[in-house]
Amino acid sequence: MTPRETWHLPAHRVGRRVLVFDRLDSTSSLATTLAHDPANDGVAVLAAEQTAGRGQHGRGWLCPPGAGVLLSVLLFPPPKVRRPAVLTAWAAVSVCDAVLDLTGLAARVKWPNDVLIEGKKVCGILIEQGRGTVAGVGLNVNQPAEAFAAAGLPDAASLAVFTGQNRACADVARQLLRRLDEHYAALEAGDFDALEASWRERLGLLNKDVRAETHDGPVSGRLVDVTWDAVVIDGPGGLMRLRPEAVRHLTLV
């Protein structure tokens with residue numbers, strides 16, 4: 001499949017080559033096909049429209065043509081980085097930073113893989129592991145509020161809903177790729193602390209009463225710590241340490 005154009009960005013790794021398409025079934029599906037060659041490390045796939053985009057737990061991700069950033073990045077991370085908790089946080093913080101850069105709006109992270117503005121979902125993230133790792137990002141940019149209402153999505157929104165302005169999705173994608181590349185370079189260099197701290201702050205749950213939905217059932221209590229290694233909750237039975245990958249949802253009580 002031939003892209004409409006190819007960008008060559010001045011990146012450390014993420015986005016050194018960006019394959020841009022008018023229409024794909026799924027940017028992540030195409031990125032997965034490139035994983036046979038490690039030389040494709042850092043290649044990004046961007047589409048104006050996708051017909052079979054996918055989200056968490058097999059849900060679809062629908063976006064009208066030209067209304068959002070539909071982006072997937074193929075990576076071959078080192079072992080310490082190749083963890084869903086780390087990679088999801090990396091993508092989410094990068095989206096938050098790009099949104100702040102572009103709009104001045106402070107976005108927050110909803111566990112595990114959504115980005116919200118004023119409680120409305122503007123972005124979803126999906127990390128898929130195989131021969132390589134594919135990070136998929138769907139960011140709503142230009143849809144009007146009426147489009148979400150008509151689709152029965154009252155908890156979703158776009159950047160345009162909050163700013164009253166439409167933006168060129170290509171410009172948004174470039175800024176997002178810059179942030180993804182910046183934070184990934186730090187992770188590769190072993191600098192985990194700054195990104196983890198930013199992720200923790202944007203979760204906004206520390207020292208609050210939370211409910212963690214795990215594969216073994218719900219756990220409730222005060223969140224005393226949250227890192228990429230442990231979710232620590234002070235509950236009725238004392239301190240409980242949960243692996244982040246075991247926590248499906250983490251919400252305020």
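1. How many bridges join strand 4 to strand 8? Eight, and the two strands, residues 68-75 and 133-140, run antiparallel. Within this pair, leucine 71 stands opposite valine 137 of strand 8. Strands here are DSSP runs of E with at least two residues, and helices are runs of H or I with at least four, both numbered from the N terminus. Two strands count as paired if DSSP finds at least two bridges between them.

2. On provenance: this is a predicted model, in which local features need pLDDT of at least 70 and side-chain atom pairs count only at pLDDT 80 or more, while totals for chains, interfaces and linings use all residues. Residues are numbered from 1 along each chain as its sequence is written, and side-chain values use heavy atoms, with hydrogens and water left out.

3. Strand 2 (residues 18-24) pairs on two sides. With strand 1 (residues 5-7) the sense is antiparallel, over three bridges; tryptophan 7 has valine 18 as its bridge partner. With strand 3 (residues 44-50) the sense is parallel, over six bridges; arginine 23 is bridged to glutamate 49. Five of the seven residues of strand 2 are buried, that is, under 20% relative accessible area with a 1.4 Å probe, protein chains only.

4. Strand 2, helix 1 (residues 27-33) and strand 3 form a right-handed β-α-β unit. Right-handed means that, with the strands pointing away from the viewer, the path from the first strand over the helix to the second runs clockwise.

5. Leucine 177 touches Trp7, Leu9, Val14, Gly15, Val18, Ala44, Leu71 and Val73, leaving aside residues up to four places away in sequence.

6. The largest nonpolar core has 63 residues. Such a core is a set of buried Ala, Val, Leu, Ile, Met, Phe, Trp, Tyr and Cys residues joined through side-chain atoms within 4.5 Å. Val69, Trp90 and Leu177 touch the most other members. Helix 2 (residues 84-103) gives the most, eleven residues. Apart from this core lies another, of twelve residues, including Leu19, Leu24, Leu30 and Leu74.

How values were computed
Buried < 20%, exposed > 50% of the residue type's maximum accessible area, 1.4 Å probe, protein only. Contact = heavy atoms within 4.5 Å.
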